[in-house]
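Good morning, and thank you for coming. Please look at the structure with me while I go through its charged pairs and its aromatic rings.

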Amino acid sequence: MSCTPIRNFGVLFERNSSHISSQQVLLLGTWIANTRIRYPNREAIYLSGSADEKERNPAELARARVRALQAMLDDLRFTADRVYTDEKVEVMKAGSFGPGIANDVKRADLQLLPGCPHECECQAN
């Protein structure tokens, strides 16, 4: 079994909105505070977004959600050596992850690749 140090966080949005709610800001802020302590070195951050196919202009809405998350990370001064935003956004059907699986496609996702040291064996360059 291989080890991956990548850490994920998803910001959920209201229907047809790219505004990050105060509840989501609080959850993101808590995640960032804990992540800063555990991973003081951050190699890369990957951002992606999705929208429900029934939302208004879902592809543009998904991009707006990514931009909102990026702006929030900038405001919270949560950075990495490299930050990537996925230009290819997902327009999905609600419930597309399968029956009984908690999911919400109205979201923007953050994937953090911590720099060394982390719980996986770091590779020497």
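Asp109 is partly exposed, with a relative accessible area of 23%. The terms work as follows: buried means under 20% relative accessible area, exposed means over 50%, and partly exposed lies in between, computed with a 1.4 Å probe and protein chains only. The side chain of Asp109 meets that of Arg107 in a salt bridge, at 2.9 Å from N to O. A salt bridge here is a side-chain nitrogen of Lys or Arg within 4 Å of a carboxyl oxygen of Asp or Glu.

Before I continue, please note that this is a predicted model, in which local features need pLDDT of at least 70 and side-chain atom pairs count only at pLDDT 80 or more, while totals for chains, interfaces and linings use all residues. Residues are numbered from 1 along each chain as its sequence is written, and side-chain values use heavy atoms, with hydrogens and water left out.

How many salt bridges does a search of the whole structure find? The search finds 5. One of them joins Glu43 and Arg82, whose closest N and O atoms are 3.2 Å apart. Glu43 lies in strand E2 and Arg82 in strand E3, so this pair ties together parts that are 39 residues apart in sequence. Helices (H or I, at least four residues) and strands (E, at least two) are DSSP runs, numbered from the N terminus. Glu43 counts as partly exposed at 30% relative accessibility, and Arg82 is also partly exposed, at 34%.

Another salt bridge is formed by Glu55 and Arg65, with 2.6 Å between the closest N and O atoms. Glu55 sits in the loop between E2 and H2 and Arg65 in helix H2, 10 residues apart. Are these two residues buried or exposed? Both Glu55 and Arg65 are buried.

I turn now to the aromatic rings. Rings of Phe, Tyr and Trp (its six-membered ring) pair if their centres lie within 6.5 Å; planes under 30 degrees apart count as stacked, over 60 as edge-to-face and the rest as tilted. By this rule there are 3 aromatic pairs. Trp31 and Phe78 have ring centres 6.1 Å apart and planes at 70°, so they are edge-to-face. Both Trp31 and Phe78 are buried. For Tyr46 and Tyr84, the centres are 5.1 Å apart and the planes at 10°, so that pair is stacked.
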